[in-house]
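I opened a notebook for this protein and wrote down each thing I looked up. The entries follow in the order I made them.

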Amino acid sequence: MYLCSRYAKQQPTDKYHTGSYRRRTPDRLRGQCDAWMMMDKQKITLRIGRNTLSFARFDTTNMAQPILYEPYVVKAGIAMAVNLREAFKSDILNVSKINHADVLLDTPQMLIPIEQFEEDDIKTFYDHAFPAGQEQRIVRYNVLPDLKAVCLFAVNKDLSSVLNDQFEHVQYIQAMTPVWRHLHQRSFTGHRSKLYGYFHGKQLDLFSFQMNRFKYCNSFAASRAHDALYFLLYVWKQLHLEAEHDELHIVGDIPEPAWLLQELKRYLQKAYIINPTADFQQAPAAMTAGMPYDLMTLLVKGR
């Protein structure tokens, strides 16, 4: 069972099961191979948040930096669907020549144990956890077979229409999905329990794994370092983790990272900030300035 303030978590509409692939190249080239495996000339990746929009794709002409990444300046007060249509009109990253899009959505999500998942119930569950109000939206889901869970999330209908008008094929991915899967694999290093925190969009997602399932998963508004410190230590105590032996790993757009780590180490012996460049072995995506960690993870590790 998951310890969540909101039991309803996003259900997947895109059923994908991502396997591993072999790397037969030296470490310094692995990042480029990751990019070649995960992206091609006919595919672009969009990351859409509440107030952010960015594009990434593979560039076959530049082997030194094979990832093209371009944030788009979102106009305040205008719907994201309108901003997206304007971005397409500008032909950002030659998007007009591309027919396949992976769309990474940084939106509220909900987890359901895979044994209790029923596709017919996803809208009911999600609407109960996150009331739609006046927004017209489509509830989708991603399957997490490694974690025996299903992630539910929603896509604005106008946004979906703009994407369908632009591309022949669109695959929707909740932004936490690649992060969960990657850090779940990372959690097998060592024998101690681990708590992970991912900072993005003025939000902190905290999660922990046990026996190939979520032990805990919850989101907090944490734009300030003092708030983040409180939530991190509160969840640590709630999970009965040991200050001397268990581990805390944080990553992403961390507020006041040096101060936060210093304060955490006053209470926990093993608190760390994940360095994406080292974590992903200097893959080009991990060395791209300004790229969010979830997008890096998707480009390097896949879904």
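Entry 1, the parts. Before counting, I noted that helices here are DSSP runs of type H or I with at least four residues, strands are E runs with at least two, and both are numbered from the N terminus. With that rule, I found nine helices and 13 strands in the protein. I also noted that this is a predicted model.

I looked up how much of the protein is buried, and the figure is 52% of the 303 residues.

I took helix 2, residues 80-89, and helix 4, residues 157-166, and found an angle of about 20 degrees, with the axes 8 Å apart. Helix 2 is therefore roughly parallel to helix 4, because angles under 35 degrees count as roughly parallel. Helix 2 passes helix 4 in a right-handed crossing. Which residues of the two helices meet? On the helix 2 side I listed Met80, Ala81, Leu84, Arg85 and Phe88. On the helix 4 side I listed Asp158, Leu159, Val162, Leu163, Asp165 and Gln166. Sorted by class, the contact of helix 2 with helix 4 has seven nonpolar, one polar and three charged residues.

Helix 5 covers residues 176-186 and helix 9 covers residues 293-301; I found them packed at an angle of about 65 degrees, with their axes 8 Å apart. That angle makes helix 5 roughly perpendicular to helix 9. The crossing of helix 5 and helix 9 is left-handed. From helix 5, the contact uses Pro178, Val179, His182 and Leu183. From helix 9, Tyr293, Asp294, Thr297, Leu298 and Lys301 take part. By class, I wrote down five nonpolar, two polar and two charged residues for the contact of helix 5 with helix 9.

I looked at the loop between helix 2 and strand 4 (100-105), where Ile92 lies. Is Ile92 buried or exposed? Ile92 counts as buried, because its relative accessibility is 5% and buried means under 20%. Leaving aside neighbours within four places in sequence, I found Ile92 in contact with Phe55, Glu70, Tyr72 and Ala87. Phe55 is 37 residues from Ile92 along the chain, and their C-alpha atoms are separated by 7.9 Å.

Asp91 is also found in the loop between helix 2 and strand 4. At 27% relative accessibility, Asp91 counts as partly exposed. I noted its phi near 55 degrees, a positive value in a residue other than glycine.

I then went to the loop between helix 6 (225-238) and strand 12 (247-252), where I found His240. What is the phi of His240? The value is positive, about 60 degrees, although His240 is not a glycine. His240 counts as exposed, because its relative accessibility is 70% and exposed means over 50%.

Key. Residues numbered from 1 in each chain as written. Predicted model: local features only at pLDDT ≥ 70, side-chain atom pairs only at ≥ 80, totals over all residues. Heavy atoms only, no water. Axes fitted to C-alpha atoms, helices over the stretch in contact; angles between N-to-C directions. Parallel < 35°, antiparallel > 145°, perpendicular 65-115°, else oblique. Left-handed = near helix turned anticlockwise from the far one by under 90°. Contact = heavy atoms within 4.5 Å. Nonpolar A, V, L, I, M, F, W, Y, C, P; charged D, E, K, R; others polar. Buried < 20%, exposed > 50% of the residue type's maximum accessible area, 1.4 Å probe, protein only.
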